[in-house]
Amino acid sequence: MDEIDRRILALLQQDATLSVAQLADRVGLSTTPCWKRVQKLEAGGVITGRVALVSPEAVGLGLSVFVAIEAGDHSQAWMERFAQAVAAMPEVMEAYRMAGEVDYMLRVAVTDMAAYDRFYKRLIAAVQPRNVTSRFAMERMKHSTALPLNSPAFRERGEGRE
């Protein structure tokens with residue numbers, strides 16, 4: 001991945017509706033080479049999808065909850081059951097297996113406290129965790145879906161060089 005690929009990715013992370021002609025113009029390529037680069041980034045799994053970003057508040061899902069889970073046990077069967085359960089729960093926006101005291105961390109989007117309580121009851125019935133700790137976000141101070149491809153840390157490590 002070279003500088004032009006990083007610029008293409010940065011632009012698409014800001015606005016995936018850009019036409020190939022607009023994208024090509026902004027990175028200094030003609031349309032065909034630009035389109036081939038985009039196709040290569042998609043085929044290589046660098047671009048994994050293109051979506052519309054929706055305001056949670058505008059659609060009534062303004063309560064964000066961070067849920068820390070300690071596993072009921074650490075067997076393969078429990079981990080698989082947990083993975084299937086969270087995959088089937090549309091409120092779960094992100095799920096991570098963690099290192100340290102907490103085994104899993106979820107980011108959950110719900111309408112209100114009552115909706116979270118219903119989610120919580122479904123979750124504990126499905127996986128019987130040892131412990132669940134919920135933290136409710138009062139204010140979203142920063143949110144981005146764009147990866148920092150031009151950050152100093154990225155460049156210092158030499159990431160993205162061919």
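**Helix 1 against helix 2**

At what angle do the axes of helix 1 and helix 2 cross, and within what distance do they come? The axes of helix 1 (residues 3-14) and helix 2 (residues 20-27) cross at roughly 130° and come within 10 Å. Axes here are lines fitted to C-alpha atoms, for helices over the stretch in contact, with angles from 0 to 180 degrees between N-to-C directions. Helix 1 and helix 2 are therefore oblique to each other. Angles under 35 degrees count as roughly parallel, over 145 as roughly antiparallel, 65 to 115 as roughly perpendicular, and the rest as oblique.

From helix 1, the residues I4, R7, I8, L11 and L12 meet L23, R26 and V27 of helix 2. Contact means heavy atoms within 4.5 Å. By class, this contact of helix 1 with helix 2 holds six nonpolar, no polar and two charged residues. Ala, Val, Leu, Ile, Met, Phe, Trp, Tyr, Cys and Pro count as nonpolar, Asp, Glu, Lys and Arg as charged, and the others, Gly among them, as polar.

**Basis of the model**

This is a predicted model, in which local features need pLDDT of at least 70, side-chain atom pairs count only at pLDDT 80 or more, and totals for chains, interfaces and linings use all residues. Residues are numbered from 1 along each chain as its sequence is written, and side-chain values use heavy atoms, leaving out hydrogens and water.

**Helix 1 against helix 3**

Helix 1 also meets helix 3 (residues 31-43), with axes that come within 11 Å and cross at roughly 80°. That makes helix 1 roughly perpendicular to helix 3. Helix 1 brings I4, D5, I8, L9 and L12; helix 3 brings C34, R37, V38 and L41. This contact of helix 1 with helix 3 divides into seven nonpolar, no polar and two charged residues. Helices (H or I, at least four residues) and strands (E, at least two) are DSSP runs, numbered from the N terminus.

**Two domains**

The domain assignment gives domain 1 (3-52) and domain 2 (56-136). Such bounds come from an automatic or database domain assignment. The C-alpha centres of domain 1 and domain 2 lie 34 Å apart.

Four strands form an open sheet in the order 2-3-1-4, with antiparallel pairing. Strand 2 (92-97) and strand 4 (131-136) are the edge strands, each pairing on one side only. Neighbouring strands of this sheet are turned by 20° against each other on average, direction ignored. Two strands pair if DSSP finds at least two bridges between them.

Strand 1 (residues 63-70) runs antiparallel to strand 4, joined by six bridges. Here V65 stands opposite F136, and E70 has N131 as its bridge partner. Strand 1 and strand 3 pair over seven bridges, again in the antiparallel sense. L63 faces V110 of strand 3 across that pairing. Strand 2 and strand 3 are antiparallel too, over five bridges. Y96 stands opposite M105 in strand 3. The hairpin of strand 2 and strand 3 has six residues between the strands, and G100 takes a positive phi near 110° there.

**Helix 4 against helix 5**

What angle separates helix 4 and helix 5 where their axes cross? The axes of helix 4 and helix 5 (residues 113-127) cross at roughly 150° and come within 9 Å. Helix 4 and helix 5 are therefore roughly antiparallel to each other. Helix 4 passes helix 5 in a right-handed crossing. W78, R81, F82, A85 and V86 in helix 4 touch L123, A126 and V127 in helix 5. By class, the contact of helix 4 with helix 5 has seven nonpolar, no polar and one charged residue.

Key: A crossing is left-handed if the near helix is turned anticlockwise from the far one by less than a right angle, and right-handed if clockwise.
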